[in-house]
Amino acid sequence: MTRPSWDEYFLKIAMLVSERSTCLRLKVGAVIVKNKQILATGYNGAGKGMKDCLQLGCLKKDRIAGKNYEECRSIHAEQNAIIQAAANGINISEATIYQTYSPCMLCAKMMVNLGVRRVVTYSATVDKNAIQLLKEAGIEYARLPMPDKKINA
């Protein structure tokens with residue numbers, strides 16, 4: 001048995017985090033890591049104390065992914081991870097964000113201003129402008145193969 005690389009390890013954790021998502025269309029997980037330590041996690045879903053899509057249904061049903069973010073009641077996974085870090089006074093500058101889905105433009109802008117160093121995902125890029133923005137800001141963007149879902153314990 002070979003040990004997973006650090007990137008594979010944290011992507012697998014992001015996959016597990018995504019299982020908490022309440023989105024009916026796409027479950028997304030994010031893990032913020034610095035110096036090989038997890039600082040915060042997040043998944044997409046409704047705001048704290050609010051009814052979610054499991055309870056109310058999807059507002060974006062039959063809409064195209066990557067557009068009309070404002071019509072969705074869910075907060076993106078990486079936004080929730082960033083909010084969790086901020087609420088706990090954790091500095092995430094120079095951190096890496098591992099996520100199961102590529103970032104949108106809004107999330108990419110947040111990452112730029114937060115000083116994130118690296119973004120790692122295994123999903124196909126949906127918002128090419130967001131990825132271009134990350135690159136222009138000097139943030140490394142890596143798309144790796146999807147890790148094996150099996151846990152080798």
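Predicted model: local features only at pLDDT ≥ 70, side-chain atom pairs only at ≥ 80, totals over all residues.
Hi everyone, thanks for coming. Let's start with T100. You'll find T100 in the loop that runs between strand 3, residues 96-99, and helix 4, residues 105-114. Is T100 buried or exposed? Its relative accessibility is 6%, so T100 counts as buried, the cut-off being under 20%. And which residues does T100 touch, if we skip the neighbours within four places in sequence? The contacts are A14, M15, S18, K27, V28, G29, T121, Y122 and S123. With G29 there is a polar detail: a polar atom of the T100 side chain sits 3.0 Å from the backbone nitrogen of G29.

Now, on to the nonpolar side. The largest nonpolar core has 22 residues, and the members touching the most others are I32, I92, I97, M111, V119 and L134. At least two residues each come from strand 1 (29-34), helix 3 (77-87), helix 4 and helix 5 (128-136). Helix 3 is the top contributor, with four residues. Take M111 as an example: leaving out neighbours within four places in sequence, M111 is in contact with E78, I97, Q99, P103, V116, V119, L134 and I139. Apart from this core there is another one, of eleven residues, including L11, M15, V33 and Y122.

Last stop, Q132, which is in helix 5. Q132 has a relative accessible area of 42%, so this residue is partly exposed. Between Q132 and M105 there are 9.5 Å in space, C-alpha to C-alpha, although they are 27 residues apart in sequence.

Methods:
Residues numbered from 1 in each chain as written. Heavy atoms only, no water. Buried < 20%, exposed > 50% of the residue type's maximum accessible area, 1.4 Å probe, protein only. Polar contact = N/O pair within 3.5 Å; in protein donor to acceptor, adjacent residues only side chain to side chain. Contact = heavy atoms within 4.5 Å. Core = buried A, V, L, I, M, F, W, Y, C linked by side-chain atoms within 4.5 Å.
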